[in-house]
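Q: I have a structure open and would like to learn how to read a few of its features. Could you walk me through them?

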Amino acid sequence: MNLDSSQGHGRPRTPARTRASAARVLIVWDWMPDYRVAFFERLRHVLDANGVALTVAYGDRRAQLAGGHASDLSWGVFTPVTSFAVGGLALEWQSCLRLAAAQDLVVVEQAARLILNHALQARRLLAPSRMAFWGHGANLQHTSANHAAEVWKRMTVRHVDWWFAYTDATASLVASHGYPAARITVLNNAFDTDPLHEAAVLPGAAASARAEFGISPSAHVAAYCGGLHREKRIDVVLEAARQLRERVADFHLLILGTGPLEEMVRRTAHSCPWIHYIGPVMSEERGRYLAAASVLMIPAAVGLVALDSFATETPLVAIAGADHGPEISYLEPDVNGVVVAARAGLDGYVRAVERVLLDSSWHAALQAGCERSRTKYSLDDMVTRFAEGTLACLQTARYPVTLVRRR
């Protein structure tokens, strides 16, 4: 397998397909996040070098709902998403069934709301084409989990030919439902953090970000980076910040992101001049602001922000078991970040952040761990893993359809 976009990671390479037997692969996503564009560009290049034609179909629905940073893929196929509700269950229809019919492999997000998935799994009973899931294996944000959707995920987890798991933890979850580990590719979900890192280490980056808000070079600064949603426990961030300000006189908090709780954050920042609401920022600017902070306060729902922490060497402090995404497994407690036991409560969280702020040797040790992790979780490695899994799926016998649960 020709993987010229990556240094590789020691696993056996899958033989390249010849042009005469070129396969067609479709990946379907209901929107195009800006951080996924580089992934699809590099994946297309690698697969093309191995005789596989990649098509990406994407819509815009989730960007509309979540206020995400949506982008376009110049060679992708835009397929509108229609949303509606049935019995309280939110459903989506993405118009690309005809496009999917022309493919050798269709990769979809494992989500009960996507009607296309149901149609593809039904077609798989009759058609020779392959289908793969890309996902978590379950809704890891338990507060927003829908019981019927989770039952559907457990029932259908084995009814695909391949699994692209976000992390090792996802792979273990999928395998626990009886799906063979040999058909699971662990992606180590990532995005291109190079621009973020380069912006953070640029001489004067941290100083300029601090000067923007009148923060002295010696002040102790924390940051929050992510969506302003209830699941992210913004209330914990703000209350912890108030207590930290009482304990550390020159404490400041930078808040990056947007979402439904933005107005609450704005009001709090207005009444607390040491809280600075910046709003949503893209890669390079995000790197500059995070470079100005010594610690990231992300108590709950940690996801790809773990890579922001590694790229900018800003250690992250989280709370154990707080509805995190699979990327929480990237955090090695007391090595590249801090995970506070839930029983420690708010006081324990505040003390953990305070230690990172004030203990310079502890902070330096965590920064060293972040730097090591930055090189481990890279976009090129994710592309390599996805390409290997794709070729392995195309060259492996289809996984048998089972209509009853195995014991």
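A: Gladly! Keep in mind that this is a predicted model. Let's start with charged pairs: side chains of opposite charge can pair when their charged atoms come close. Here, Arg42 and Asp380 join their side chains in a salt bridge, with 2.8 Å from N to O. Arg42 belongs to helix H1 (residues 37–49) and Asp380 to helix H15 (residues 379–394), so this pair ties together parts 338 residues apart in sequence.

Q: How many salt bridges are found in the whole structure?

A: A search of the whole structure gives 20 salt bridges.

Q: How do I read two packed helices?

A: Two packed helices are described by the angle between their axes and the distance between the axes. Take helix H9 (residues 234–247) and helix H10 (residues 262–271): their axes come within 11 Å and cross at roughly 10°. Angles under 35 degrees count as roughly parallel, and H9 and H10 are therefore roughly parallel to each other.

Q: Which residues of H9 and H10 meet?

A: From H9, Ile234, Leu238 and Arg242 meet Met264, Val265 and Thr268 of H10. The residues of this contact divide into 4 nonpolar, 1 polar and 1 charged.

Definitions and conventions: Residues are numbered from 1 along each chain as its sequence is written. This is a predicted model: local features need pLDDT of at least 70, side-chain atom pairs count only at pLDDT 80 or more; totals for chains, interfaces and linings use all residues. Side-chain values use heavy atoms; hydrogens and water are left out. Axes are lines fitted to C-alpha atoms, for helices over the stretch in contact, and angles run from 0 to 180 degrees between N-to-C directions. Helices (H or I, at least four residues) and strands (E, at least two) are DSSP runs, numbered from the N terminus. Angles under 35 degrees count as roughly parallel, over 145 as roughly antiparallel, 65 to 115 as roughly perpendicular and the rest as oblique. Contact means heavy atoms within 4.5 Å. Ala, Val, Leu, Ile, Met, Phe, Trp, Tyr, Cys and Pro count as nonpolar, Asp, Glu, Lys and Arg as charged, and the others, Gly among them, as polar. A salt bridge is a side-chain nitrogen of Lys or Arg within 4 Å of a carboxyl oxygen of Asp or Glu.
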